[in-house]
Amino acid sequence: MKFDYYFPNLPPTAAPEAARRAARIGYHGFFTAETSHEPFLSGCLASHAEPGLEVGTAITLAFPRSPMVMAQLAWDMQIAAGGKFLLGLGTQIRPHITRRFSTEWSRPTDRLRDYIKALRAVWDCFQNGTRLRYRGEFYQLTLMTPFFNPGPNQLPEIPVFIAGVGPMLSHLAGEMCDGFHVHPFHTVKYLDEVVLPAVREGAEQEGRSLDDVALTAPVFVVTGRDTQEMERPIRAVKEQIAFYASTPSYAPVLDSHGWDFGPTLNAMSKRGEWQKMADVIPDEVVHEVAVVAPLSELADRIVSRYSGRLQRVGIYSMAGDAVFSEEEWTTLAADIRDLSNS
């Protein structure tokens with residue numbers, strides 16, 4: 001099991017030092033997200049600071065960028081990262097795609113399938129000189145001249161990961177992707193009953209297996225050096241759970257457990273009662289969603305929970321990054337590595 005660092009929502013200028021620290025600690029990968037900063041620049045700077053790290057987007061949004069733009073970005077990122085780049089794509093939800101980015105939204109799973117096929121057609125053109133004649137349902141790419149073709153490289157093919165919550169995107173990951181970013185708002189029960197079966201079904205449909213898809217996730221944790229320290233992050237995790245549970249897109253996770261507080265949280269969010277929403281989340285839900293353990297036992301709990309389910313894991317909120325020392329994080333990374341290999 002690989003242990004990955006998830007770069008927080010900071011400007012790209014913070015990425016080099018974060019990457020150097022991540023490498024010292026022993027993280028395998030350095031993932032950036034598309035939030036209030038563009039993710040590729042941070043990943044590029046991180047890779048140049050620490051060439052030994054894998055770098056990836058977790059995630060960047062597909063639909064606001066044409067497949068050609070994304071193909072070129074990923075191609076150059078793979079070169080910059082020395083073949084250690086992982087392209088992670090996400091769909092977002094309709095209001096963001098149509099109102100924040102002013103781009104098209106429809107049938108997101110089918111559109112993303114077409115998008116990935118278009119990407120690979122462009123990369124085939126770059127690498128092998130294949131004539132670009134991609135005509136899909138949503139995307140048509142039929143022009144490439146030598147002046148705009150970067151030409152082949154000697155690096156591995158770019159792995160494509162996608163992110164999702166429900167069974168449709170999980171199934172798509174199984175069909176055609178190298179990896180799947182499991183949303184941090186999940187439980188073991190939801191993984192076992194919804195995500196993993198859907199990925200497996202999608203893979204077997206195309207003559208593949210579950211082993212062909214690397215599952216990765218940043219996970220919620222409640223940890224500390226002692227009981228008193230462990231009490232502090234519980235509220236923050238409840239707030240994170242309440243935020244996701246208030247959105248109908250994440251209802252499948254609630255439904256799998258029979259949790260009925262989703263509509264209540266949704267109504268509270270519409271009234272702007274954000275500070276009160278954490279009070280709705282029972283303690284037992286925290287234990288289902290988060291890994292709850294003292295820092296000295298955290299590695300064992302993470303590996304025990306996710307061994308055989310995830311191939312890569314990280315910590316969702318790096319708030320503890322400032323609380324715990326670099327030595328303590330180094331020990332955690334080493335313990336995860338050793339327990340995974342035992």
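The largest cavity is lined by Gly164, Val165, Phe180, Val182, His183, Phe185, His186, Tyr190, Val195 and Val253. Two elements, β9 (179–182) and α7 (188–205), each give two or more residues to this lining. The model you are looking at is predicted, so local features need pLDDT of at least 70 and side-chain atom pairs count only at pLDDT 80 or more, while totals for chains, interfaces and linings use all residues. Residues are numbered from 1 along each chain as its sequence is written, and side-chain values use heavy atoms, with hydrogens and water left out.

**The cavity**

- The structure holds 1 cavity of 30 Å³ or more, and the largest cavity has a volume of about 40 Å³.
- A cavity here is a set of points, on a 1 Å grid over the protein atoms alone, where a 1.4 Å probe fits but cannot get out; lining residues have an atom within 4 Å of a point.
- Grid points are joined across faces, edges and corners, and the volume is the space filled by probe spheres set on the points.
- The lining divides into 7 nonpolar residues, 3 polar ones and no charged ones.

**The nonpolar core**

- In soluble globular proteins, nonpolar side chains tend to be buried together.
- The largest nonpolar core has 104 residues, and Phe30 and Leu89 touch the most other members. Such a core is a set of buried Ala, Val, Leu, Ile, Met, Phe, Trp, Tyr and Cys residues joined through side-chain atoms within 4.5 Å.
- Helix α5 (residues 108–128) gives the most to this core, contributing 9 residues.
- Leaving aside residues up to four places away in sequence, Leu89 touches residues including Ile59, Met70, Leu112, Tyr115, Leu119, Val160 and Phe161. Contact means heavy atoms within 4.5 Å.

**Helices**

- Buried means under 20% relative accessible area, exposed means over 50%, and partly exposed lies in between (1.4 Å probe, protein chains only).
- Helices (H or I, at least four residues) and strands (E, at least two) are DSSP runs, numbered from the N terminus.
- Helix α1 (residues 15–25) has Ala15, Pro16, Ala18, Ala19, Arg21, Ala22 and Ile25 buried. Just after α1, Gly26 takes a positive phi of about 110°.
- Helix α6 (residues 167–176) is largely enclosed by the rest of the structure, because 8 of its 10 residues are buried. Among them are Leu169, His171, Glu175 and Met176.
- The partners that the buried residues of α6 pack against are α5, β8 (160–164), β9 and α7.

**Strands and their pairing**

- Two strands pair if DSSP finds at least two bridges between them.
- What surrounds strand β1 (residues 2–6)? With 4 of its 5 residues buried, β1 is largely enclosed by the rest of the structure.
- β1 pairs in the parallel sense with strand β13 (residues 312–315) over 3 bridges, and here Phe3 has Val313 as its bridge partner.
- β1 also pairs in the parallel sense with strand β2 (residues 29–32) over 3 bridges, where the bridge partner of Asp4 is Gly29.
- Strand β10 (residues 214–219) is mostly covered, with 5 of its 6 residues buried. β9 and β10 run parallel and are joined by 3 bridges, with His181 opposite Thr216 in β10.

**Backbone spots to check**

- Most residues other than glycine have a negative phi, and most peptide bonds are trans.
- The peptide bond from Ala58 to Ile59 is cis, with omega near 5°. Ile59 is found in the loop between β3 (54–57) and β4.
- Gln92 has a positive phi, near 60°, and its place is in the loop between β5 (85–90) and α4 (94–100). Gln92 is partly exposed because its relative accessible area is 29%.
- Arg107 also has a positive phi, near 35°; Arg107 lies in the loop between α4 and α5. At 43% relative accessibility, Arg107 counts as partly exposed.

**Ser66**

- Ser66 is found in the loop between β4 (60–61) and α3 (67–80). Is Ser66 buried or partly exposed? Its relative accessibility is 34%, so Ser66 counts as partly exposed.
- Ser66 and Gly258 are 192 residues apart in sequence and 40 Å apart in space, C-alpha to C-alpha.

Conventions. On a 1 Å grid over the protein atoms alone, a cavity is a set of points where a 1.4 Å probe fits but cannot get out, and a pocket is an open set with protein on both sides within 12 Å along at least five of seven lines; lining residues have an atom within 4 Å of a point. Ala, Val, Leu, Ile, Met, Phe, Trp, Tyr, Cys and Pro count as nonpolar, Asp, Glu, Lys and Arg as charged, and the others, Gly among them, as polar.
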